[in-house]
Amino acid sequence: MSRVDRGLLAVCVGALVIVLVHGPGLVPVPALGVVAWASVSAVQVVAVWLCFVIAGLPTSGSAARRFYRLVGAAVAAFTTSSLVQLGVAVVSPRDPRVITGTAAMMLLQGAGALLLTVAMAASPLGIAGRRDRTRFWLDATVVMVGVGLFAWQLGDHAVRHPDPADLVKMLVGPASFMVVAFGLIKLALGGNALFSRHTGMLAAVAAALASINAGMSETLARSGHPSWSSALGMLANLALVAALLLQLGEVRTGGADRHRGDRGLHSRMPYVAVAASYGLLVWSLLDEGLTLRAWVVLGGAMLGSGLVVARQLAAFADNDDLLARLNAKVEELAQARDVLQRAVLQRDGLAERLRHLAYHDSLTGLANRTMFRERLSAAMAAGELPTVLIIDLNDFKPVNDMYGHNAGDQLLQAVALQLSRCVRDSGTVARLGGDEFGVVLTDPGTSVTDLVERMVLVIAQPVRVGTGARRAEVRVRASFGWATASPGEDMAVLLHRADLAMYADKGLSKR
């Protein structure tokens with residue numbers, strides 16, 4: 001068991017002892033002041049020590065160090081006031097001021113409350129956005145109204161016919177309680193993790209017990225239960241020590257920041273405060289009727305409700321703005337998607353065009369040498385026995401020389417068209433370069449001799465070339481060579497045999 005765990009266990013045991021001893025009033029009244037103030041002083045000394053220990057930890061930031069040093073100084077002022085009261089209890093144990101407090105005690109506690117207020121006010125809020133700050137102030141105001149009403153309800157008021165002094169006295173307690181509550185709300189709802197959620201809850205319990213004791217000490221003393229007032233004071237200080245022990249343990253283990261992300265409880269605080277305000281109103285009406293106390297509670301409940309409504313309207317406005325921005329983002333994404341789709345289509349189109357250019361002859365639109373060789377290689381790799389046909393135009397150069405290159409291009413295009421019509425789906429026609437063409441026949445049912453005869457006839461047909469005055473009809477002939485692949489034959493060997501056959505045919509045509 002760690003030191004922190006042992007300290008928390010000691011706090012729980014001490015709280016149980018306080019309830020069991022002071023609840024029934026087992027401590028005699030003459031000794032009550034000495035026992036109570038001595039116990040409170042000892043607990044407050046521990047609280048001061050814990051504050052400065054937390055401030056001195058290497059993991060504490062500059063804001064946390066400043067905050068806990070100021071809290072330690074405030075608790076030191078409270079400790080001094082308790083020691084003053086202990087001295088009064090020792091000298092005059094039956095003096096009523098032992099329970100209700102002396103002027104020196106009030107002064108020291110006021111100084112401590114001032115230091116505590118400075119500590120909480122000096123802590124940075126940690127909220128940057130204007131809307132976030134607006135929501136914070138609305139939430140904080142609603143909770144402070146509920147806290148002030150709670151302190152008002154517990155106060156000892158001259159509710160029927162209050163004079164100005166009574167009114168001042170009636171307002172001081174709730175106002176001080178609201179100041180402490182605001183500090184806790186600021187630290188709880190703000191963006192700076194000066195303490196964990198559990199530490200904040202215990203600190204709020206300590207503040208509530210101290211405020212209840214301050215507001216009801218005289219009432220409890222007059223009703224014959226002074227020990228209850230002492231018990232409230234001691235329990236408040238024990239709750240503070242427990243909060244500091246928890247914070248010390250979480251800071252040492254690095255768990256203080258892990259609880260700051262859960263803001264569900266914080267977001268419900270304004271609604272809990274409004275519900276509590278109406279609960280106090282019902283209590284006041286049932287207890288006293290429509291008195292000044294009830295009117296104040298009613299006004300506070302209405303104010304809290306109005307603030308909650310304002311907070312909801314602000315939330316609705318934020319939601320509308322968020323939806324508008326979300327719709328704008330969705331529209332931007334839709335536009336980006338359309339742009340991306342168009343870009344993808346353009347890319348695919350460009351890729352297809354590049355692929356076509358890479359595998360086709362730009363003049364005739366036929367397959368080029370690369371596709372010719374790939375088709376032949378694929379057929380042979382698949383175990384087929386394709387036939388390669390090589391075609392070379394014999395009278396092409398005179399056409400070029402006589403009518404120009406444009407006429408030569410027109411002739412090549414016409415020959416390419418005729419060859420494609422002859423081959424159709426029997427294979428692939430390619431322009432291998434210049435006036436040379438090639439055919440890969442993959443249909444085993446195609447008669448090569450019949451195909452060549454048709455090609456000879458169509459190539460021999462006259463072709464109109466040129467334009468204007470240079471327009472003429474030209475005729476060309478072609479040499480043919482072909483070879484059919486043998487099982488296991490290399491492609492280069494097959495092409496070489498087809499070339500040899502074509503050159504042999506060309507030699508015969510020149511004779």
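Visitor: Which residues point one way from strand 1, and which the other way?

Guide: In this predicted model, Thr387, Leu389, Ile391 and Leu393 point one way from strand 1, while Val388, Ile390 and Asp392 point the other way. All of these residues are buried.

Visitor: What makes strand 1 largely enclosed by the rest of the structure?

Guide: Strand 1 covers residues 387-393, and seven of its seven residues are buried, so the strand is largely enclosed.

Visitor: How do you know that strand 1 pairs with strand 3?

Guide: Pairing requires at least two bridges. Strand 1 and strand 3 (residues 436-441) share six bridges, in the antiparallel sense, and therefore they count as paired. Asp392, for instance, has Glu436 as its bridge partner in strand 3.

Visitor: What joins strand 1 to strand 6?

Guide: Seven bridges join strand 1 to strand 6 (residues 478-484), and the two run antiparallel. Leu393 has Ala478 as its bridge partner in strand 6.

Visitor: Why is Thr364 called buried?

Guide: Its relative accessible area is 18%, and buried means under 20%; Thr364 is therefore buried. Thr364 lies in the loop between helix 11 (292-359) and helix 12 (369-381), and among the residues it touches are Leu412 and Arg431.

Visitor: What makes the approach of Thr364 to Asp361 a polar contact?

Guide: The side chains are joined at 2.7 Å, and the limit for such a contact is 3.5 Å. The pair is therefore within the limit.

Visitor: Why is Val13 called partly exposed?

Guide: Val13, in helix 1 (residues 3-22), has a relative accessible area of 47%. Exposed requires over 50% and buried under 20%, so Val13 is partly exposed.

Note on methods: Residues numbered from 1 in each chain as written. Predicted model: local features only at pLDDT ≥ 70, side-chain atom pairs only at ≥ 80, totals over all residues. Heavy atoms only, no water. Helix = DSSP H or I, 4+ residues; strand = E, 2+ residues; numbered from the N terminus. Buried < 20%, exposed > 50% of the residue type's maximum accessible area, 1.4 Å probe, protein only. Polar contact = N/O pair within 3.5 Å; in protein donor to acceptor, adjacent residues only side chain to side chain. Contact = heavy atoms within 4.5 Å. Lists of a residue's contacts leave out its neighbours within four places in sequence.
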